[in-house]
Amino acid sequence: MAEEKTEQADPSTGSGTESKVEKATSQEEAAADSQTAEAAPESDKSEEKKEQTPEERIAALEKENADLKDQLLRRAADFDNYRKRMMKEKQDTYDYANAGLLADLLDSLDNFDRTIDAAKDAKDAKSIADGISMINKALVKMLEDKYGLTGYGKEGDEFNPDEHEAIGRMEDEKAKKETLAQVYLKGYKLKDKVIRHAKVMVKVPKA
């Protein structure tokens, strides 16, 4: 019979399995230390790269300053263009504010021209007067309906200093309050605002 050989573990080193584990652990620690040692110089190199020389810092600041100046100049130019555009639009609004009204008045001007041409050969003054009256009514209606312009002031109306300008006064025994005796010039309102006071002669009660 062959002799059976039995390996005995060395008491000083522990079992064979424990020896292998310790050896693997030692190898891992050695590898980690090696990686740490290799990584440290790379980190130092990275820090060295990030650190700028005084000349480089000055150059970077000069570039940043130039960029800021360029942005400031661009914004100043944009603002100047905006200001000029607003001024032009404001002036255009002022210059052409009445363009619509003037365009509406062209029909009345054309009708006046036709009436004047017809008056040269007219033998009946009444027909000319009727033509002018029609133009006047059409013009007044257009101004009232489209622009809210209304005329006021007629004999017998009560005197209102906010609307009428008295250019003279006359006493009347029958008058019980101040009224318009005569209207020399009609007044006009644009909607509710008086744009021209009526010039009138006022009849007042006799003292």
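Modeller: Gladly! A nonpolar core is a set of buried Ala, Val, Leu, Ile, Met, Phe, Trp, Tyr and Cys residues joined through side-chain atoms within 4.5 Å, where buried means under 20% relative accessible area with a 1.4 Å probe, protein chains only. This is a predicted model, in which local features need pLDDT of at least 70, side-chain atom pairs count only at pLDDT 80 or more, and totals for chains, interfaces and linings use all residues. Residues are numbered from 1 along each chain as its sequence is written, and side-chain values use heavy atoms, leaving out hydrogens and water.

The largest nonpolar core has seven residues: Tyr-152, Phe-159, Leu-180, Ala-198, Val-200, Val-202 and Val-204. Strand β6 (residues 198-205) gives the largest share of this core, four residues; strands are DSSP runs of E, at least two residues, and helices runs of H or I, at least four, numbered from the N terminus.

Now for the pocket. On a 1 Å grid over the protein atoms alone, a pocket is an open set of points where a 1.4 Å probe fits, with protein on both sides within 12 Å along at least five of seven lines, and lining residues have an atom within 4 Å of a point. The largest pocket holds about 190 Å³ of space, a volume filled by probe spheres set on the points, which are joined across faces, edges and corners. Its lining includes Asn-136, Leu-139, Lys-186, Tyr-188 and Arg-196. Two or more lining residues come from each of α4 (125-147) and β1 (149-152), and α4 gives the largest share, five residues.

Terms used:
Buried means under 20% relative accessible area, exposed over 50%, partly exposed in between (1.4 Å probe, protein chains only).
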